[in-house]
Amino acid sequence: MKNISIYRPSTVDEAIQILSQHGSSASVYAGGTDLLIRLKNRLEQAPSYLVDIKKIDHLRYIKEDAQGGVEIGAATKLAELADSRLLQEKYPMLVEAILKISSPELRNASTLGGDLLQEVWCQYLRGGYSCWRNGGYICYGAIGDNSYYHSAMGGRLCYAVYPGDAATALIPFDARAKLATPEGVKELSIEQLVPGDMLVDGRIQSHVVRFNEILTSVIIPPPKPGVRASFEKLRPRGVWDFAMASLAIGLQLRGKTIDDSRVVFGGIAGRPLRETAVETFLKGKTLSAELGEQAVSVALANAAPLKYNATKIDMAKGLLASGLARLNA
Amino acid sequence: MQTIEAILLEPVGCLAESPSAPIYEDVVPVLAELKTMGIRLYIATSLSRADATSFVERHSLGEFFSGIWDSIGAALAGASLPPEKTMFLTDTAEGIKAARAAGVHPILMMNDPDEARRLAMHNPAGGIVSLHEMPDFIRLIAARNKTG
């Protein structure tokens, strides 16, 4: 592991100052379950300076806001989200998704912010190959074994899938992320936060957070009346693993009629993939046993699987059918 | 890799599957974008110059290219290109070797994954799955040089 220096700021402003001073060679350190492994893997772009935000007040909380929504501090542990009675009452699908992230041990250390902004888990990157995200200029996943961790929906230089589950599960609730920046507070939708491979500060990353910005919280609007939601996940190992394909689906129902929906696939593209074609199809339809099969027929028309991962598309479509069936039950 | 100023392309394999095949659908928008970015584009081909000219004319690509040459060396000399700021896009081992010999950066066009995996052993400077990635490739090199 390379030599690193650790800062322990006590305020967000101080953390931003330190990050600004060191540029891309510094990184925010909270749970460390992704970051420390990147250091251990000796990745080219692993930081030399860690800015430990664990001692900063007001980054680790779950609280109801005045409108009946919930705000979650970015340094809140995933286990705390899973145990939250408030979240279980208001957004049970989010809790269901959090409980499918990694293992209980890791959820005790991992933070919501870390899950949202984690690096991809391509085996070539983590194995130290000189790929787009590791100082090189080629994607080994595109030409190698791409059966698990690579996009079946096309790519842009890097073909690794976005690995996080929390973002996929937050999008159906129209959640937003709050960032502290040198210019002040910035608010983005989760889709804007993790739009897939982006060139940011000379790096390819899945999110838009710049080197001197900190994700501080996630705000979930109040639950809408008549909403039913479900999270499904298929993974190579049932105990814990990243998604081969996942689905977060939310339906706003009036009786059995679907007034609105959110359909978001995870594990198949470089970002949580909101499938608007299915959302449009579902609008005005009656939730029924047959609806799943019909929805599948319009899903993922733009699929562009690599040599070994076409099965991800079949899995994603299967999850759509089973998710709708579950909501109809 | 230094910030890129020019790209040499082998038309067969990079712009179309064969001399008589239609060009890939992303060719025109990508060449237009590269030109807008100020990248000079040249054909450097193992085809005869007459065949390459015919290919370019048949697909109405003339406006994008500043010259057609029958070798990398001829293109570098004829267009006064700095090799260290020039890429050669190819899908063959011979192309990679020729680019290395001329001092330009060989970039592998990874059309077929199995073939590309074999060609990657020849140590290209980079590789793309599709031509549409080339503008981002150029931007990333520039950004890395800027941020150090």
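Author: Chain A has 14 helices and 14 strands. Helices (H or I, at least four residues) and strands (E, at least two) are DSSP runs, numbered from the N terminus. This is a predicted model, in which local features need pLDDT of at least 70, side-chain atom pairs count only at pLDDT 80 or more, and totals for chains, interfaces and linings use all residues. Residues are numbered from 1 along each chain as its sequence is written, while chains are lettered from A and ligands numbered from 1 in the order in which they are written.

The whole chain comes before the part. The C-alpha trace of chain A spans about 60 × 50 × 35 Å along its principal axes. Of the 329 residues in chain A, 48% are buried. Buried means that 20 or more other C-beta atoms lie within 10 Å of a residue's own; exposed means 12 or fewer, and partly exposed is in between, with C-beta atoms placed from the backbone.

Now the close look. Helix 13 of chain A covers residues 291–298, and helix 14 of chain A covers residues 310–328. They pack at an angle of about 150 degrees, with their axes 8 Å apart. Axes are lines fitted to C-alpha atoms, for helices over the stretch in contact, and angles run from 0 to 180 degrees between N-to-C directions. Helix 13 and helix 14 of chain A are therefore roughly antiparallel. The classes are: under 35 degrees roughly parallel, over 145 roughly antiparallel, 65 to 115 roughly perpendicular, the rest oblique.

Which residues make the contact? Helix 13 of chain A brings A:Leu291, A:Gly292, A:Glu293, A:Ala295 and A:Val296. Helix 14 of chain A brings A:Lys317, A:Leu320, A:Ala321, A:Leu324 and A:Ala325. Two residues are in contact if their C-beta atoms, placed from the backbone, lie within 7 Å. By class, the residues of this contact are 7 nonpolar, 1 polar and 2 charged. Ala, Val, Leu, Ile, Met, Phe, Trp, Tyr, Cys and Pro count as nonpolar, Asp, Glu, Lys and Arg as charged, and the others, Gly among them, as polar.

One more number concerns contacts across chain A. Among those with a separation of 6 or more, 65% join residues 24 or more positions apart.
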